[in-house]
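Colleague: Could we go through the side-chain packing of this model together, one question at a time?

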Amino acid sequence: MPAFQTAAQLARAVKSGETTPQQLLEQAQARAEAVRDLGALVSLNEHAGEQAAAVQSRVQAGEHLPLAGVPIVIKDNINVTGTRTTCGSRILANYVSPYTATAAQKLLDAGAVVVGKANMDEFAMGSSTENSASGPALNPWDRERVPGGSSGGSAVAVAAGITPVSLGSDTGGSVRQPAALCGVYGFKPTYGRVSRYGLVAYASSLDQIGPFARSAEDLALLMNVLAGHDPRDATSLNVPADFTAGNADTLRGLRVGVVRESLSGNTPGVEATLKATLDALRGAGAVVGEVGLPALKYAIPTYYLIAMPEASSNLARFDGMVYGQRAPGSDVTQSMTLTRERGFGKEVQRRIMLGTYALSSGYYDAYYAQAMKVRRLIADEFTAAFGQYDVLVTPTSPFPAFRRGEKTSDPLAMYAADVDTVAVNLAGLPALSVPAGFEEMDGKRLPVGVQFIAPALGDERLIALAGSLEAVGAVQMDTPQD
């Protein structure tokens, strides 16, 4: 099979007998080896061959499998039985998962084959996939640049043609931002549309599993599999899934609101890409206007004053006592202290300390409680905006992929990379990053993404929109050179 085919094409080829799950797996493994220097994967699934053989038997038995034989990569903070789930951290370097996350199980049930686990910023804390105990992931468009984060490995796997689709997690933009920097689709569903059971928690009120893909059809295919109620996740929503890719007619009369606060601080290529996308929407009959969301200027501090305290609480369980690495000590307290000191990287330690401080006596009301009030204000402004518009639009990132090491010495600059994405998580909304253009930088052609945001439970609207944008030529999809 030719490289860079879509998941839908591969599934159809398996069902027709044109190829087999085993052949697709071998091709994915060969491609992973060919671009090994990109650091997209941290481990291969030792049971992938068994999965492929089982899928072949199920296909021959006539079972309906939407993802028959489709190879997929899964972010290394999503549990899959028998695979290492390290979360990009030394503290879980040898942890082998004893169970499978609901989202991953749904993919397996639908006939997908897990090739391996994708590289990521440690415990999903980062915007560049440089904070990984396994080493950084590289951007396939320019190996001197980052792929974004924290789901950088998942984005690279799709952009570089290892697999047609992959799974990541998005706490403040960790699916959408790397999708934009690598030139693929990245979708963050409404909070609760996809089960979080089996996802290692970073910030529980913000985390959401989401897919990467190279086509709107594949996004619809994946979301029809992934979405749905899960009794093992108390935040899971019982909403039927009905995802389809739209056509040009979908855009006629669509009310699109450009978020005014996102129009400054962008590079020329990002500005040009956004303008071209809006022109294409207008040309297809959409009604485009501007809308102000004044509280967005507080989104970054609000996000980190919520995410870091939740991370401090969630990561308290990693002490080496039950699972993961354990450092020897003279007593339990010293052992726990040394385990966390040696097991966690600097960024994780920074966020735990800041989160603990924000929750401490005398500071809770000033920081965490205040941030929760601003979160409500941001959500209310989104609600008001959706009274005027069907979808909102911003750049996904104010700039294309930045150079490796460029922001690692300045945490605030790294945090600001998510300026266009974090508010979506604070409000629990669905959002889609569309590969919409390119910007030339230092002789390199770098992808640019445009973000579309819908009201809560408007997920289907965004997937339909992706197909519509493809139909009118507003999606700029290409393949990087090795």
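Colleague: Does Tyr304 count as buried or exposed?

Modeller: This is a predicted model, in which local features need pLDDT of at least 70 and side-chain atom pairs count only at pLDDT 80 or more, while totals for chains, interfaces and linings use all residues. Residues are numbered from 1 along each chain as its sequence is written, and side-chain values use heavy atoms, with hydrogens and water left out. Buried means under 20% relative accessible area, exposed over 50% and partly exposed in between, with a 1.4 Å probe and protein chains only. Because Tyr304 has 8% relative accessibility, Tyr304 counts as buried.

Colleague: How are the planes of Tyr303 and Tyr304 arranged as a pair?

Modeller: Rings of Phe, Tyr and Trp (its six-membered ring) pair if their centres lie within 6.5 Å, and planes under 30 degrees apart count as stacked, over 60 as edge-to-face and the rest as tilted. The centres of Tyr303 and Tyr304 are 4.7 Å apart and their planes stand at 85°, so the pair is edge-to-face.

Colleague: Which residue forms an aromatic pair with Phe399?

Modeller: The pair is edge-to-face, with 6.0 Å centre to centre and 80° between the planes. The partner is buried, with a relative accessible area of 3%, and the residue paired with Phe399 is Phe402.

Colleague: Which residue has its charged end over the ring of Phe399?

Modeller: A charge sits over a ring if NZ of Lys or CZ of Arg is within 6 Å of the ring centre and within 35 degrees of the ring normal. Here the charged end lies 4.8 Å from the centre of the Phe399 ring, and the residue is Lys407.
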